[in-house]
Amino acid sequence: MRNERRAVVVGATGLVGGHLLKQLCDNPKYSSVTAVVRRPGALGAWARDAQASGRLREAVVDFEALSKDSTAAKAFTGDDLYCALGTTIKVAGSKDAFRRVDHDYVVESARAARAAGAAKLLLVSSVGADAKSPFFYNQVKGEVERDVASLGFAEVHVFRPSFLAGERIEHRPGEKVALMIGKCLGPIARLPLVRDIAPVPAEAVARAMVRAALAAESRPGVSVHASAELARS
């Protein structure tokens with residue numbers, strides 16, 4: 001019997017999202033993968049073969065008007081929503097613009113997917129996420145976790161990686177420094193006080209997300225996956 005499980009990916013052009021797409025398209029347990037993007041052709045040349053085979057499709061949406069878009073249900077139709085959407089304050093231009101992307105776009109995407117029938121949400125958050133945090137970035141991440149948890153998904157899996165290791169299109173100096181420090185940690189990287197801040201390969205985060213979605217044993221409610229756990233994936 002053909003497997004009809006469908007995956008939807010938001011943030012597919014990012015570091016984790018790119019690995020997600022490739023892993024999902026190669027996974028026989030998914031019959032189709034939809035990448036929700038802002039503009040046509042955003043996935044690049046590597047995705048052409050998957051698109052030609054019918055396993056991967058692009059769904060272009062206007063995230064600024066997502067709640068008013070009558071076509072959003074079609075774009076977000078699937079069983080599992082993978083959300084790896086995110087930016088930085090520097091790239092976004094302001095704290096308000098950052099919140100719009102990292103909170104509003106994420107919550108609105110989750111709401112659209114839930115309305116279209118998705119049962120599982122796999123969300124990339126961040127180490128230190130806390131809605132009551134005095135730090136703006138951590139606060140926003142915590143608010144996202146809180147708000148998507150109330151949307152009615154059967155399972156919500158939150159992944160809290162530390163700094164992500166991998167090649168990015170955009171330049172993030174602070175993250176580069178953190179990765180250099182992480183390499184210097186060497187043998188002590190597995191110590192309890194260190195392992196949650198050690199860099200995590202983006203590919204490993206993607207693997208952990210796919211594994212959680214396809215696990216034979218269901219985990220109702222919200223499950224939080226710490227950075228140290230992701231590093232072992």
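A cavity is a set of grid points where a 1.4 Å probe fits but cannot get out. In this predicted model, a search of the whole structure finds one such cavity of 30 Å³ or more. The largest cavity holds about 30 Å³ of space. Strand β5 contributes to its lining and also pairs with strand β6.

**The cavity**
- Eight positions are named in the lining: Leu85, Asp102, Val106, Leu123, Val124, Ser125, Lys141 and Val144.
- By class, the lining of the largest cavity has five nonpolar residues, one polar residue and two charged residues.

**Strand β6 and its burial**
- Strand β6 spans residues 155-160.
- Five of its six residues are buried, so β6 is largely enclosed by the rest of the structure.
- Buried here means under 20% relative accessible area.

**Pairing with β5**
- Strand β5 (residues 120-124) runs parallel to β6, and five bridges join the two.
- Lysine 120 has glutamate 155 of β6 as its bridge partner.
- Helix α6 (residues 136-148) belongs with β5 and β6 to a right-handed β-α-β unit.

**Pairing with β9**
- Strand β9 (residues 221-226) pairs with β6 in the parallel sense, over six bridges.
- Valine 156 stands opposite valine 222 of β9.

Notes
Residues are numbered from 1 along each chain as its sequence is written. This is a predicted model: local features need pLDDT of at least 70, side-chain atom pairs count only at pLDDT 80 or more; totals for chains, interfaces and linings use all residues. Side-chain values use heavy atoms; hydrogens and water are left out. Buried means under 20% relative accessible area, exposed over 50%, partly exposed in between (1.4 Å probe, protein chains only). Helices (H or I, at least four residues) and strands (E, at least two) are DSSP runs, numbered from the N terminus. Two strands pair if DSSP finds at least two bridges between them. A crossover is right-handed if, with the strands pointing away from the viewer, the path from the first strand over the helix to the second runs clockwise. On a 1 Å grid over the protein atoms alone, a cavity is a set of points where a 1.4 Å probe fits but cannot get out, and a pocket is an open set with protein on both sides within 12 Å along at least five of seven lines; lining residues have an atom within 4 Å of a point. Grid points are joined across faces, edges and corners, and a volume is the space filled by probe spheres set on the points. Ala, Val, Leu, Ile, Met, Phe, Trp, Tyr, Cys and Pro count as nonpolar, Asp, Glu, Lys and Arg as charged, and the others, Gly among them, as polar.
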